[in-house]
Amino acid sequence: MTFSRIFLFTLLPCLLLSLGTLPVSNATRAFFVFGDSLVDNGNNNYLATTARADAPPYGIDFPSHQPTGRFSNGLNIPDIISEHLGAESPLPYLSPHLEGEKLLVGANFASAGIGILNDTGIQFVNIIRIEKQLQYFEQYQQRLSSLIGEKQTRHLVNSALVLITLGGNDFVNNYYLVPYSARSREFSLPDYVQYLNSEYRKILFRLYELGARQVLVTGTGPLGCVPAELALRSRAGLCDPELQQAADLFNPQMVQMLGELNSQLQSDIFIAVNAFRMHMDFISNPEAYGFVTSKVACCGQGPYNGIGLCTVLSSVCPNRDVYAFWDAFHPTERANRIIVSQFMAGSTEYMNPMNLSTILAMDARI
């Protein structure tokens, strides 16, 4: 037996013992993230897909000033929530660095391009659809159990914070992707919204079955106001009414569905996050939030910088802090910080039935 193998066999029991005795408390609260490009922090880097943000100028304002797979100039929403938790951001589940003690931080399973439905984002080919994200969550728990045991793993997952962001792509990359899309021929818009929420309910209940007990569920943002849709559909820079109607129909039904789920489970497991209102605050009055525009993306080309991808050939604004949108679909880091401030302290109009600060304060007393 080589020295390296002797050293490994000597070290491994010590490592497992130390991990097994780590306290899983509020101070080391895990954080799990599911969803699409708004919360993906690099899983798609490891996939053969066009839905990637692993090339400049993405990441221009990230601490490393390098692209990371986040669809942002810097930090995204999970990163900023992690700051408020006093923890490092969970790594992408596909990252080879997600091992050992890093597993205790949690994991990010999100994948750009996905939706509630399996046929959403089919043009991106290899993406981690939500069913697969949940399978990875099971796999994660098995990996963690081998390190700290089943009981500690169950406690870590039950006490963790979970964020799930789905729905927007089911409209922009499915129902409205092309005129007379398969889904728009199959469903009227009201029926499609009802179908989406019924499918979302199944996803959320499965998340509960897998141990999630504190779940932030975002509704869709103002889909008709993003630079991509302004470029394709807008008249004089006004938000597209059809896509706005889709969000107006989807979000209240989602809130109702979450309320029914909580009643069934007899606990406030699912927190409705009013992403529409959070975005519209600065979209409708950008100057009040220090933005020079909420219509033109910082990085892109064409009308409103909303055509195509953000690439090294795109025009890039010199000061990202005064733009609400980084690219055709995604907010800047500064806009993300405004959004997360409402996660933390927003009234029930933003966070229903309670905001994240309240959740954390309640848990601290347990």
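I looked for cavities first, taking a cavity as a set of points on a 1 Å grid over the protein atoms alone where a 1.4 Å probe fits but cannot get out, and by this rule I count one cavity of 30 Å³ or more. The largest cavity holds about 40 Å³ of space, and I list S37, L38, F71, S72, N76, H330, P331 and N336 as its lining, where a lining residue has an atom within 4 Å of a point.

I note that this is a predicted model, in which local features need pLDDT of at least 70, side-chain atom pairs count only at pLDDT 80 or more, and totals for chains, interfaces and linings use all residues. Residues are numbered from 1 along each chain as its sequence is written, and side-chain values use heavy atoms, with hydrogens and water left out.

I then turned to F71, one of the lining residues, and asked how its ring is placed towards that of Y58. The ring centres of Y58 and F71 are 5.9 Å apart and the planes stand at 70 degrees, so I record the pair as edge-to-face (rings of Phe, Tyr and Trp, the last by its six-membered ring, pair if their centres lie within 6.5 Å; planes under 30 degrees apart count as stacked, over 60 as edge-to-face and the rest as tilted). Y58 is buried at 6% relative accessible area, and F71 is buried at 11%, where buried means under 20%, exposed over 50% and partly exposed in between, with a 1.4 Å probe and protein chains only.

I also looked up Y93 and Y136, whose ring centres lie 5.0 Å apart with planes at 35 degrees, so this pair is tilted.

How values were computed: On a 1 Å grid over the protein atoms alone, a cavity is a set of points where a 1.4 Å probe fits but cannot get out, and a pocket is an open set with protein on both sides within 12 Å along at least five of seven lines; lining residues have an atom within 4 Å of a point. Grid points are joined across faces, edges and corners, and a volume is the space filled by probe spheres set on the points.
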